[in-house]
Structure formats: structure tokens, C-alpha cells
Amino acid sequence: MRGFKCLLSEFSIVPKPLTIPDLSDEVTLARYPFLPQAKSWIASMAVKHGIDIDELLDGGMMDRSRIRARSRLVDSVDSKDGVEVASIGDIHTEEGRLLEAFSFYYARLVVGASEDERLISRWAQAEAERAQRILERDDSIDIIANTYLSEISCDERGIWKIGLSDFIELCTGITGSRWRLPNCEINDGWVTLHDEGDRYSSRAKVARLLRERMKDDIKIDALDKMVKMDESLLIRLSEPVGMIRGLVASKTAETIALIGAGEEDWPPCMRKIVGELSEGVNVNHFGRVFLGSMSRCIGLPQETTVDFFRGAPDFSESTTAYQVNHLYEREYTPSGCSKLKVNHNCAVRTGDDKLCDQPWMDHPLKYIRAKQRRRKRQESLEVNAEVPKPGDG
Ligand code: SF4
């Protein structure tokens, strides 16, 4: 992972307004929950509704926010148009605004907990695309433009002008000849964004330029969350992180390297099922579905998952390949410990495995995450121990 300071420096070239405009309209704050003005609003909503981290992660009141967050995350991987614009709630109600704001907040926590910069970039891009599409027809474009750009103005005909320095920095990330300086009208340090039809109306061009700035800000905030994430939060977020990683893996056909969960990180229940299958034991249906969905979540290729079943007494290549493909396509997420215990797929009793004995251990993906964190810590301790200290012989 590259240094965080280095990452930040990539985003700090462009001049920004020294003071950001006041914004108190709650609908706008909920629509664009990444705005700098939204931070204090979200904090005040959390206090007002008693939303703490436990509520956000597991509480009943935040159920719908987590569902919406999941669709925000899935869209960022799955949809070429970015995050779905329409919310599942009415943003003109307090409940709908809570849903939008906290689903964004939760989704940002999940991508931060993934510790995967590519995933964070992808998500930031998708959220920024969503915001761009709303901005193209939202009257609040004016205040948002003034939040992100140091020099921006609009005349009475609806034609926008942007300061040259902002334009130069932002247009480098956009393809197309209309964004190249020789093709633009420039007067006294201002670039005029002429109307060129619906898709490239003056307003749509501002929204497109703003997308670049919003994407960088969303990404910076998520990276900030990533470096501040403590271990217990990382572990608590293992399940949604596993879901989104699994989805990325299935979309990009990347393999185990994506999550880096080698066999030594697998939870005992997964090892037990793989071991039993290889010995010809007839593992029950629940255990088989669990193994398939775990394999998907840790980024194993489908062929590897099919191979796990080769020793099963009823193995059929075509049937297994079909069922595994179904699990991957439907993006099944693995069941938690309590269901595995009920279905006789848990492999341990108290005292067998310290991690499984932890009071917070309720999901095998948490086991993998905790194992990875411990291994990483151990490796860095070993590296530090090998570095010669001043005065060492
Ligand atoms: S406690 Fe959970 S993670 Fe551990 S073996 Fe049982 S089901 Fe798997």
C-alpha cells in the first residue's frame, strides 16, 4: 500500500475556495452526503436520533440504511452508470434523509474497511457519477459549484464560466476534444462552457467538471477512514467487506490474491468441510452452500470451488459446476456461526480455537479477517526484530 501522504498529495494540487458557502438545506445535504457542509449535519442527526457505531453496524433502526448502502456498493462494482440515483426512501422526509446520509456513511466505512485502494477509487467514482447525474438537473448546482471551485459563475442565459486554473486541473481527467484548451473560449483567465445540446449543455459541463472534484474528495475521505480504522471495527465489518470483495472477484475474475486469504486463514468450519469432502464424506446441503459462498467471498475461482467437491460421493462435474456458478452469480453471502452451529457445520467446541471462542465471533469471514490482521502484525514484528538497532554488534 502506498503511503497515505503520497496519496493525499495527488489530490491537493487544485485551488479550492478558501471559504465554503453555508448550506443548511437538508435535502441537498442528504443528496450529497460527502459535501464538507454535510459533516456537521450528519453528526447532529446522529445525536438527535441516538445513532452510534453499534446502531449503525447492527441496530434495527439502521437496517434500511445498510440495505441501501449495500446497493450503493453493489452498483459501484456492478453498474457502468455508477450508483443508482433513486433512493429507496423519500428524501423530503426526515426518515428518507437519514436513509441517504447514513447509507453513504456506512458504505464509506465498508470500503474503508476493505483496505483496498482500487475498491475505494471505484466506489468514489460511482458515487461521483451519481452526484453528477443529479446535479445536471438540480438547482443546488450553484452552491455545490461554489463549494468545490474557486472561480465559477453563471450568467442570466445559464452559460457558465470557470476559472482557467480549475479548468486546467479538472479537464485532464476527462476525455474528448471539447475539454482540450485549444478548443475552448478563454477570456481574461475564464473558460466559457458553451451549450452544445442536452448532453453537453453548459450546466451538464459544470456537473461533469464537478464530478472530478467530488470523486477526489470522496476518495480522500474514504482513505482517511481506512487509515483510522481500528481492528475491532475491521473485524465487525468483515461480512459486508466479504460481500463486496466477492462481487469484485466475480466481476473481474481475479483470484485468491484479491483478499489474500490463504488456506492458513480459513476458519475451522471451512477446513472441516473441505477436508470431509476430500475424504468422501457426504457433507450436508447447508455445508455445501456455505463452502461455495465462502469461496466466492474470498475470491477463489469457480474451478477451484468445483474441485473441492470432487471427492463427494455424489460428485457430478456438470451439476456441481452449474450449482457453483449459480452461487457466484447470485452473490450468495456465507451464513454466520449460529446457523452453521445449528446445521452441524461448526467445527469447534469451547477451547478448540481461541478465535472462535471470542465473544464477537459470529461469522466465519470475521475469523479470516482477524487471522489476517494477526498474521500481518506478527510479520511486521518479525521484520522490526530483524532491523539492526544502533549499538547492535
Ligand atoms: S465458531 Fe464460527 S468460525 Fe469458528 S468454526 Fe464455528 S462456525 Fe466456523
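Ile-152 has its bridge partner in strand 2: Ile-162. This is a predicted model. Cys-154 also faces strand 2, where it stands opposite Trp-160. Both contacts belong to the pairing of strand 1 with strand 2 (residues 160-163), which is antiparallel and runs over 3 bridges. The two strands form a hairpin with 5 residues between them. Within that hairpin, Gly-158 takes a positive phi near 85 degrees.

Now cross strand 2 to its other partner. Strand 2 and strand 4 run antiparallel, joined by 4 bridges. Ile-162 turns up again here, with Val-191 of strand 4 as its bridge partner. So much for one pair; Lys-161 is bridged to Thr-192, also in strand 4.

Continue from strand 4 to strand 3. These strands are antiparallel as well, and 3 bridges join them. Asn-187 stands opposite Trp-190 of strand 4. Strand 3 and strand 4 make a hairpin with 2 residues between them. In its turn, Asp-188 has a positive phi of about 50 degrees.

What order do the strands take in the open sheet? The order is 1-2-4-3, with antiparallel pairing among the 4 strands. Strand 1 (152-154) and strand 3 (185-187) are the edge strands, and each pairs on one side only. Neighbouring strands of this sheet are turned against each other by 25 degrees on average, direction ignored. In general, the strands of a sheet pair through backbone hydrogen bonds, in either a parallel or an antiparallel way.

Which strands does helix 9 lie across? Helix 9 (residues 164-171) lies across strand 2, strand 3 and strand 4 (190-193). Its direction is at about 90 degrees to strand 2.

The space it takes is the largest cavity. Two elements give two or more residues each to the shell around the ligand: helix 13 (268-278) and helix 17 (337-342). Which of the helices gives the most to this shell? Helix 17 does, with 3 residues.

The residues surrounding the ligand can be listed by name. They are Pro-267, Pro-268, Cys-269, Cys-337, Leu-340, Lys-341, Cys-346, Ala-347, Val-348, Cys-356 and Pro-364.

Terms used: Residues are numbered from 1 along each chain as its sequence is written. This is a predicted model: local features need pLDDT of at least 70, side-chain atom pairs count only at pLDDT 80 or more; totals for chains, interfaces and linings use all residues. Side-chain values use heavy atoms; hydrogens and water are left out. A residue is near a molecule or strand if one of its heavy atoms lies within 4 Å of it. On a 1 Å grid over the protein atoms alone, a cavity is a set of points where a 1.4 Å probe fits but cannot get out, and a pocket is an open set with protein on both sides within 12 Å along at least five of seven lines; lining residues have an atom within 4 Å of a point. A molecule sits in a cavity or pocket if more than half of its atoms lie within 2 Å of its grid points. Two strands pair if DSSP finds at least two bridges between them. Axes are lines fitted to C-alpha atoms, for helices over the stretch in contact, and angles run from 0 to 180 degrees between N-to-C directions. Contact means heavy atoms within 4.5 Å.
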